[in-house]
Amino acid sequence: MSIGEMLAATVPMARTLNLQFLETTSERAVLALPDQADYHNHVGGPHAGAMFTLGESASGAIVLAAFGEQLSRAVPLAVRAEIAYKKLAMGPVTATATLGRPAAEVVAELDAGRRPEFPVAIEIRREDGAVTGEMTVVWTLRPNG
C-alpha cells in the first residue's frame with residue numbers, strides 16, 4: 001500500500017477532498033487539491049479550510065515516508081500548525097512539504113527515550129507557480145506505552 005493509499009484509507013478528510021498524492025518520499029511530499037466547486041470560498045477559489053487540510057495532509061505524507069519504520073514504536077501526531085495565506089488561490093493547488101530537521105536526528109532523540117518534535121514546512125501553489133500559502137506543522141513521534 002502506498003503512503004497516499006494509506007492516508008486515504010485512514011484519514012477520511014483526505015478522501016473527502018479528493019486529494020491527489022503526486023509524490024511521497026522521505027525528501028518531500030507533493031499533494032494536489034483539484035478545483036472542486038463544493039470546496040470553494042466566497043470568491044470562487046479553494047476554501048481556507050480545504051487548503052489547510054491539503055497542507056496538513058502533505059505534512060503527514062512526508063512524516064509517514066520519513067518515519068514509517070518507527071510506527072511499531074511511536075505514533076506520529078501533529079502538535080501545532082500555522083498557516084499564512086499569501087495570494088488568492090484559484091483553480092487547482094498543490095502543496096509541497098519538506099522536513100525541517102534531518103530524520104536521523106529525530107530518530108536519535110526517539111532512540112534516547114525522548115519525544116522528539118520537528119517542523120514540516122509546506123508551500124501551497126497555484127498552477128501558475130505563485131505561492132498562495134505557507135504553512136508549518138510541528139509533529140512529534142509519541143512513543144508507544
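Predicted model: local features only at pLDDT ≥ 70, side-chain atom pairs only at ≥ 80, totals over all residues.
Let me begin with Ile-122, which, once its neighbours within four places in sequence are set aside, is in contact with Gly-55, Ser-59, Ala-95, Thr-96, Ala-97, Gly-133, Glu-134, Met-135, Thr-136 and Val-137, where contact means heavy atoms within 4.5 Å. Residues are numbered from 1 along each chain as its sequence is written, and side-chain values use heavy atoms, with hydrogens and water left out.

Ile-122 is found in strand β5, and here helices (H or I, at least four residues) and strands (E, at least two) are DSSP runs, numbered from the N terminus. With a relative accessibility of 3%, Ile-122 counts as buried; buried means under 20% relative accessible area, exposed over 50%, and partly exposed in between, with a 1.4 Å probe and protein chains only.

Phe-67 belongs to helix α3 and Phe-118 to strand β5 (residues 117-126), so that the pair links distant parts of the chain, 51 residues apart.

Next, the helices. In helix α4 (residues 103-111), the buried residues are Val-106, Val-107, Glu-109 and Leu-110. Seen down the axis of α4, these buried residues fall within an arc of 155°, so they line one face of the helix; the arc is that of the directions from the helix axis to the C-beta atoms. Ala-104 and Asp-111, on the other side of α4, are exposed. The cover over the buried residues of α4 includes α3, β3 (74-85), β5 and β6 (131-143), and just after α4 comes Gly-113, with a positive phi of about 90°.

Helix α1 (residues 3-10) has Ile-3, Gly-4 and Leu-7 as its buried residues. These fall within an arc of 100° when seen down the axis of α1, so they too line one face of the helix. They pack against α2 (12-16), β1 (20-24) and α3 (48-67). In the loop between α2 and β1 we find Asn-18, whose phi is near 55°, a positive value in a residue other than glycine. Most residues other than glycine have a negative phi. Asn-18 is partly exposed, with a relative accessible area of 41%.

Strand β2 (residues 29-33) holds Val-30, which is buried at a relative accessible area of 9%. Leaving aside neighbours within four places in sequence, Val-30 is in contact with Gln-20, Phe-21, Leu-22, Glu-23, Thr-94, Ala-95 and Thr-96. Val-30 and Ala-58 are 28 residues apart in sequence, yet 6.3 Å apart in space, C-alpha to C-alpha.

On a 1 Å grid over the protein atoms alone, a cavity is a set of points where a 1.4 Å probe fits but cannot get out, a pocket is an open set with protein on both sides within 12 Å along at least five of seven lines, and lining residues have an atom within 4 Å of a point. The largest pocket holds about 200 Å³ of space, and of the 14 residues that line it, the closest to its centre are Leu-7, Val-11, Gly-60, Leu-64 and Trp-139. Helices α1, α2 and α3 each supply at least two residues of that lining, and the largest share, 6 residues, comes from α3. The count of cavities of 30 Å³ or more comes to 1, and the largest cavity has a volume of about 40 Å³. Its lining is made up of Leu-33, Pro-34, Asp-35, Gln-36, Tyr-39, His-40, Pro-46 and Gly-91.

Note on methods:
Points joined across faces, edges and corners; volume = space filled by probe spheres on them.
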